Amino acid sequence: MTTLIKIIRKSIKRNPHAFSTTSYIPLRPETTFKYEGFGKPEWLDNKGVYIGEIKAERIIPAKGKCSKKGYFIIEGHIIDEGLSEKLYRECTEKKHPGLNINVEIKTQEVHHISEPEYFYKHKNSLVECSECYAKVRANDIRKDENMVDICPKCGGYDTFDYKYEKLDDILKTEILI
Ligand SMILES: [Zn+2]
């Protein structure tokens, strides 16, 4: 007799993204900064800071008293994520006057086959081997490279008789919330 491996009714959940063919994957956060003030801050010499070609670096010679240190307007990227987090945190604590940090997380659009309408799981039912009569959990049945079942107890080939309940059959006959 064919064993019917039933779908766990409680596991059936409607996919909020049913039929969607597009997903958005968050990419690495991108940190840019703008510093404006007297003196060149120490953290600028860090390897994880990129100044220049992408955003303009403008070092304006200072006038008057501050000419030794200079007045800087610097824009750039912070590539080192650890440094970016540290500076961002320290900025909120007002430790870096003149520094503005902007963290932007961009997403990438990915296209794929249509998402299923429902998610669900099957029960891990016991199925009997026709060779050794062992009762084996459906999830423990091994498969060969051609997806033919192999009994984990006796090594029998295609010795189980079962089928998985189909969601469509439930949807036709049962009302799901
Ligand atoms: Zn067996």
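Visitor: Which residue just after helix 1 takes a positive phi?

Guide: That's K94, with a phi of about 60°. Keep in mind that this is a predicted model.

Visitor: And how do I read the helix itself? What span does helix 1 reach from its first C-alpha to its last?

Guide: Start with the general idea: an α-helix has 3.6 residues a turn, so residues three or four places apart point the same way. Here, helix 1 covers residues 81–92, 12 residues in all. Its end-to-end C-alpha span is 17 Å, close to the 16 Å expected at 1.5 Å a residue.

Visitor: How many helices and strands does the chain have?

Guide: Two helices and 15 strands. As for contacts with a separation of 6 or more, 66% of them link residues 24 or more positions apart.

Visitor: Which residues make up the largest nonpolar core?

Guide: Look for buried nonpolar residues joined through their C-beta atoms. In this chain that gives seven residues: F33, Y35, V49, I74, I78, L87 and L99. Strand 4 (30–38) and strand 7 (71–78) are the elements that each give two or more residues to this core. Take F33 as a way in: beyond its neighbours within four places in sequence, F33 contacts E75, G76, I78, L99, N100 and I101. Across the chain, 9% of the 177 residues count as buried.

Visitor: Why does strand 9 lie largely in the open?

Guide: Strand 9 spans residues 107–111, and the number of its five residues that are buried is zero, so the strand lies largely in the open. It does have a partner, though: strand 3 (residues 22–26) runs antiparallel to strand 9, joined by five bridges. To find the pairing by eye, go to Y24, which stands opposite E109 in strand 9.

Visitor: Where is C132 found, and which residues does C132 touch?

Guide: C132 is in the loop between strand 11 (126–128) and strand 12 (135–137). With 13 other C-beta atoms within 10 Å, C132 is partly exposed. Leaving out residues up to four places away in sequence, C132 touches C151, K153, C154 and G156.

Note on methods. Residues numbered from 1 in each chain as written. Predicted model: local features only at pLDDT ≥ 70, side-chain atom pairs only at ≥ 80, totals over all residues. Buried ≥ 20, exposed ≤ 12 C-beta atoms within 10 Å, placed from the backbone. Helix = DSSP H or I, 4+ residues; strand = E, 2+ residues; numbered from the N terminus. Pairing = 2+ DSSP bridges. Expected span 1.5 Å × (residues − 1). Contact = placed C-beta atoms within 7 Å.
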